[in-house]
Amino acid sequence: MISLFGLMGAFFVLLAGASYFFYRRNSPVQYGISLSSMLISIFLFLYSIFLFLYSIFGVGGFEGMGLGALAAALFLASVLSLFVSVLFNIINRHGKGAV
């Protein structure tokens with residue numbers, strides 16, 4: 001379980017760093033990075049459900065669960081990095097006098 005949190009932290013640092021890089025350039029890509037990684041994680045999660053069901057009924061093991069945990073960690077990191085990116089944008093606007 002600790003490695004899952006470590007993986008989520010690594011994804012968060014990577015996504016937040018990339019969003020911050022584009023935030024400094026005033027590019028709208030800062031939101032696209034988190035949103036695209038959310039979509040990728042949703043598709044990975046659906047694929048892991050398919051693998052899990054196939055492994056239960058076809059093979060007799062639990063093969064798809066690792067991919068599902070990876071997808072869940074990526075999704076949570078994406079949501080957190082999008083939240084931080086929007087929060088930085090709101091704070092920056094508020095500091096310049098715009099609401």
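Tutor: Accessible areas here come from the Shrake-Rupley method with a 1.4 Å probe, and for residues only the protein chains shown count as cover. This is a predicted model, where local features need pLDDT of at least 70, side-chain atom pairs count only at pLDDT 80 or more, and totals for chains, interfaces and linings use all residues. Residues are numbered from 1 along each chain as its sequence is written, and side-chain values use heavy atoms, with hydrogens and water left out.

Student: What is the mean pLDDT of the chain?

Tutor: The mean is 79, and 85% of the residues reach 70 or more. pLDDT is the predictor's confidence in each residue, from 0 to 100. Where pLDDT is low, the predicted coordinates should not be read in detail.

Student: How many helices and strands does the chain have?

Tutor: Three helices and zero strands. From the N terminus on, the elements run α-α-α. Helices (H or I, at least four residues) and strands (E, at least two) are DSSP runs, numbered from the N terminus.

Student: Why is Ser78 called buried?

Tutor: Buried means under 20% relative accessible area, exposed over 50%, and partly exposed in between (1.4 Å probe, protein chains only). Ser78 has 0% relative accessibility, so Ser78 counts as buried. Ser78 sits in helix 3 (residues 65–95). Across the chain, buried residues make up 27% of the 99 residues.

Student: Which residues does Ser78 touch, not counting residues up to four places away in sequence?

Tutor: Leu15, Ser34, Ser37 and Met38. Contact means heavy atoms within 4.5 Å. Among contacts in the chain between residues at least 6 apart in sequence, 64% join residues at least 24 apart.

Student: How many aromatic pairs are there?

Tutor: Five. Rings of Phe, Tyr and Trp (its six-membered ring) pair if their centres lie within 6.5 Å; planes under 30 degrees apart count as stacked, over 60 as edge-to-face and the rest as tilted.

Student: What makes the pair of Tyr20 and Phe88 edge-to-face?

Tutor: Their ring centres are 6.3 Å apart and their planes stand at 65 degrees, so the pair is edge-to-face. Tyr20 lies in helix 1 (residues 2–24) and Phe88 in helix 3, so the pair ties together parts that are 68 residues apart in sequence. Tyr20, at 40% relative accessibility, is partly exposed. Phe88 is partly exposed too, with 41%.

Student: How do you know what kind of pair Phe21 and Phe22 form?

Tutor: By the centres and the planes: 5.2 Å centre to centre and 75 degrees between the planes, an edge-to-face pair. Phe21 is partly exposed at 44% relative accessibility, and Phe22 is partly exposed at 24%.

Student: Which residues make the nonpolar surface patch?

Tutor: Leu39, Ile42, Phe43, Phe45, Leu46, Ile49, Leu53, Phe57, Phe75, Leu76 and Val79 make a patch of about 1100 Å². Patches are made of residues with over 30% relative accessible area and no salt bridge: like charges are joined within 9 Å, nonpolar side chains (Val, Leu, Ile, Met, Phe, Trp, Tyr) within 5 Å. A salt bridge is a side-chain nitrogen of Lys or Arg within 4 Å of a carboxyl oxygen of Asp or Glu. Helix 2 supplies the largest share, eight residues.

Student: Why is Ile42 called partly exposed?

Tutor: Ile42 has a relative accessible area of 40%, so Ile42 is partly exposed. Ile42 is found in helix 2.
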